[in-house]
Amino acid sequence: MSERHEAYLYHVTFNAMHNLIVSDPRRMHAHTFCVGIYVIEKQDDHPVFLNTEKMLSEYFERYKGIRINEMAPFIQVVPTLENMGNVFYEDLKSIFDKNGMQLLLLEVGDSPTSTYGIGERPMIGNVFNLSTEELVDAYCGRVRRRYEQKRQERGKND
């Protein structure tokens, strides 16, 4: 029997243009970029996921409707899916860490058939292989205890 693990998956989309052949600006083209972000909480006291959508919206707002090649660090770095994914991952990893969450995996795609993923460990199997079993189990236990406590509190108020 397989073990059950839990994480939050957030999706963000934004329209932007990029050029993979920097020497030829006529090759600028547009995409609807789709970003998938898998995270878990790292704290016991309260759910922090409630602010996650706002954090992600604020982070990706800077990329909406622009020419990505004209924004740092992509002025010097060609904005391929891989480079964009690496920049997004490093930025968001720091943001999530400061807000009590762990970024497990980030995926970015520019079409239904191509997606780049980056995480802490090789991505073999599923996203939960990217975190230690102990961290995921501890997280699941915290979530279950919190919801059980809320259910008991609701029962007392009825």
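Hi everyone, let me start with a definition: a salt bridge here is a side-chain nitrogen of Lys or Arg within 4 Å of a carboxyl oxygen of Asp or Glu. Please keep in mind that this is a predicted model.

With that in hand, let's look at the charges. Searching the whole structure turns up 5 salt bridges. One of them pairs Asp24 with Arg26, where the closest N and O atoms are 3.1 Å apart. Asp24 also bridges to Arg27, this time with 3.7 Å between the closest N and O atoms. Together, Asp24, Arg26 and Arg27 make up a network of salt bridges.

How does that network sit relative to the surface? Asp24 is buried, at 16% relative accessible area. Arg26 is exposed, at 75%, and Arg27 is partly exposed, at 48%.

Another salt bridge joins the side chains of Arg67 and Glu70, at 3.7 Å from N to O. Here Arg67 is partly exposed, with 41% relative accessible area, while Glu70 counts as exposed, with 55%.

Now for the residue I really wanted to show you, Asp110. You'll find Asp110 in strand β3, which runs over residues 101-111. Which side chain of opposite charge is nearest to Asp110? That is Arg27, and it lies 14 Å away. Asp110 is buried and has no salt bridge, because a bridge requires the nitrogen and oxygen to be within 4 Å.

So what does the side chain of Asp110 have a polar contact with? The partner is the side chain of Ser114, at 2.9 Å. Leaving out residues up to four places away in sequence, Asp110 also touches His18, His31, Thr32, Phe33 and Leu81. Thanks, everyone!

Technical notes
Residues numbered from 1 in each chain as written. Predicted model: local features only at pLDDT ≥ 70, side-chain atom pairs only at ≥ 80, totals over all residues. Heavy atoms only, no water. Helix = DSSP H or I, 4+ residues; strand = E, 2+ residues; numbered from the N terminus. Buried < 20%, exposed > 50% of the residue type's maximum accessible area, 1.4 Å probe, protein only. Lys, Arg positive; Asp, Glu negative; His and termini not counted. Polar contact = N/O pair within 3.5 Å; in protein donor to acceptor, adjacent residues only side chain to side chain. Contact = heavy atoms within 4.5 Å.
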